[in-house]
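I opened this notebook to record what I looked up in one structure, entry by entry. The chain and its coordinates come before my notes.

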Amino acid sequence: MVVHHLVKKAGVSCETYFNVTTLDVAESNQMAKRNGFKHIYPDPQHGGFYKYVHDSGIIPTRFARFCCTYFKEKPTVDYFPADDKLLFLFGIRNEESSQRSNYDDVTKNPMWGDRDWISVLPIRKWTELDIWLYILSEGIEVNPKYKYGYTRVGCGIACPYYTKYTWVLDKFWYPYLYNRWRDILKQDFIEKNKWLIMNCTIDEYIMKAWTGGVYRKEPTDEVVQEYAKYTGLDEDVAKKYFNRYCENGCLNTRGQPLKLKDKNILAMNMKMFGRDIQKFKCKKCLIKEFGWSKEQWDQQVQSFKEQGCKLF
Ligand SMILES: [Zn+2]
């Protein structure tokens, strides 16, 4: 809004665009509309954020995030003709984050390739106080979200970078969106048996852990009990699914011992060698040992499931 105002004040002829992230609240969308911002929409083939998460099964975390590329950078690249000469003015400021602190006056997004596009950051050195004083003195419209107590108003609810105090505000101001996201997180946790990956309960996941990283090294009794409840396994059997590594010393892509997190693989070990086993093997090692193809593996898993084996 400040850059938009500065540009108009300078009498520069240009247009203002709003990247529709589909995660912005109504207040932000309406404000963009009121101010005559043109909308740039994400690829309709994949739709909005919730459809994307549903179709891809990917939950954005602090370590892996598709949102900026998918909702902002790529639609912008697709929107403008590649052979146009373009100058972008962004409101990004250096003090906003450690990554942004390195930005200079003139930058070029690597995604633009060899297009004749450049971006300029006219207010990059402005402090937050400068921004607010300018907004107040010039009578610039303020996004209502700031008045609700938020310090940032960009795509909310499902962004793993928001601090947890923001979630208190979300729950208060946007209970429908807040619950919708947590229902998705819960469903994803159960479907993917994330007890075995995160060593946490559903509540710990949706209230804290979903933003990234393994929550704790060993599961608590509560985690095992909840996993047993959801899978219908006895607690002592359920416990065996946690923190297992391939006994043949297989390594993951980072060269660390290969942790077995897939319920079917853990189940296959116990189905074939008995529930009392202490040592487990990875899928690759099991397939080799049994002389199966990957298709035969899938058929075996399917048939054990159909027989009603609770291990799977
Ligand atoms: Zn192995």
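**Ground rules.** I am working with a predicted model, in which local features need pLDDT of at least 70 and side-chain atom pairs count only at pLDDT 80 or more, while totals for chains, interfaces and linings use all residues. Residues are numbered from 1 along each chain as its sequence is written, and side-chain values use heavy atoms, with hydrogens and water left out.

**The whole chain.** I looked up the secondary structure and found 15 helices and seven strands, taking helices (H or I, at least four residues) and strands (E, at least two) as DSSP runs numbered from the N terminus. The radius of gyration is 25 Å, well over the 20 Å that the globule rule gives for 312 residues, so the chain is more spread out than a compact globule; the radius is taken over C-alpha atoms, and the rule is 2.2 Å times the number of residues to the power 0.38. I also noted that the C-alpha trace spans about 80 × 45 × 35 Å along its principal axes. Of the 312 residues, 41% count as buried (under 20% relative accessible area, with a 1.4 Å probe and protein chains only).

**The zinc site.** Which residues hold the zinc ion? I found Cys 246, Cys 250, Cys 282 and Cys 285, each coordinating through SG, at 2.2 to 2.3 Å; donors are N, O and S atoms within 2.8 Å of the metal (3.2 Å for Na, K and Ca), and since water is not among the atoms, sites may look incomplete. Along the chain these donors follow the spacing C-x3-C-x31-C-x2-C. Cys 246, in the loop between β6 (244-245) and β7 (259-260), and Cys 285, in helix α14 (residues 283-290), are 39 residues apart, and both Cys 246 and Cys 285 are buried.

**The aromatic rings.** I counted 35 aromatic pairs, where rings of Phe, Tyr and Trp (its six-membered ring) pair if their centres lie within 6.5 Å, and planes under 30 degrees apart count as stacked, over 60 as edge-to-face and the rest as tilted. Phe 49 and Phe 66 are stacked, because their ring centres are 6.0 Å apart and their planes lie at 20 degrees. Phe 49 is buried, as is Phe 66. A further stacked pair joins Phe 88 and Trp 112, at 4.9 Å centre to centre and 25 degrees between the planes. Phe 88 sits in strand β3 (residues 86-89) and Trp 112 in the loop between β4 (106-107) and β5 (117-120). Finally, I noted a cluster linked by ring pairs, which includes Phe 49, Phe 66, Trp 167 and Trp 210.

Key:
Buried < 20%, exposed > 50% of the residue type's maximum accessible area, 1.4 Å probe, protein only.
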